[in-house]
Amino acid sequence: MSPATARKLHHDFPDPAKATGTEEQILTQFRLVRDQVKAYARNFVRQEFAGSA
């Protein structure tokens with residue numbers, strides 16, 4: 001695939017570095033974003049590569 005034909009994808013995730021609160025609350029925000037990224041990646045693979053194996 002050449003750069004001219006490449007698709008650009010974008011998805012906004014919250015920035016956990018901007019989290020405030022106690023250490024536990026901040027850690028919870030990091031974990032939530034981690035889980036969102038993981039779910040997005042799994043969904044992407046399922047949608048884009050289903051049946052191509």
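Student: Is Phe 44 buried, partly exposed or exposed?

Tutor: Buried means under 20% relative accessible area, and exposed means over 50%. In this predicted model, Phe 44 has 26% relative accessibility, so this residue counts as partly exposed.

Student: How many aromatic pairs does a search of the whole structure find?

Tutor: Two. One of them joins Phe 13 to Tyr 40.

Student: Is the pair of Phe 13 and Tyr 40 stacked or edge-to-face?

Tutor: Look at the angle between the planes. Over 60 degrees counts as edge-to-face. Here the planes of Phe 13 and Tyr 40 stand at 85 degrees, so the pair is edge-to-face. Their centres are 5.7 Å apart.

Student: Which parts does that pair tie together?

Tutor: Phe 13 sits in the segment before α1, and Tyr 40 sits in helix α1. The pair therefore links parts 27 residues apart in sequence. Phe 13 is partly exposed at 28% relative accessible area. Tyr 40 is also partly exposed, at 30%.

Student: What about Phe 44 and Phe 49?

Tutor: They form an edge-to-face pair. The centres are 6.1 Å apart, with 80 degrees between the planes. Phe 49 has 47% relative accessibility; exposed needs over 50%, so Phe 49 counts as partly exposed.

Student: Where is Arg 7 found?

Tutor: Arg 7 belongs to the segment before α1, a helix that spans 23-49. At 54% relative accessible area, Arg 7 passes the 50% cut-off, so this residue is exposed.

Student: Which side chain does Arg 7 contact?

Tutor: That of Glu 48. The two side chains make a polar contact of 3.0 Å.

How values were computed: Residues are numbered from 1 along each chain as its sequence is written. This is a predicted model: local features need pLDDT of at least 70, side-chain atom pairs count only at pLDDT 80 or more; totals for chains, interfaces and linings use all residues. Side-chain values use heavy atoms; hydrogens and water are left out. Helices (H or I, at least four residues) and strands (E, at least two) are DSSP runs, numbered from the N terminus. Buried means under 20% relative accessible area, exposed over 50%, partly exposed in between (1.4 Å probe, protein chains only). A polar contact is a pair of N or O atoms within 3.5 Å; within protein, one must be able to donate a hydrogen and the other to accept it, and residues adjacent in sequence count only if both atoms are side-chain atoms. Rings of Phe, Tyr and Trp (its six-membered ring) pair if their centres lie within 6.5 Å; planes under 30 degrees apart count as stacked, over 60 as edge-to-face and the rest as tilted.
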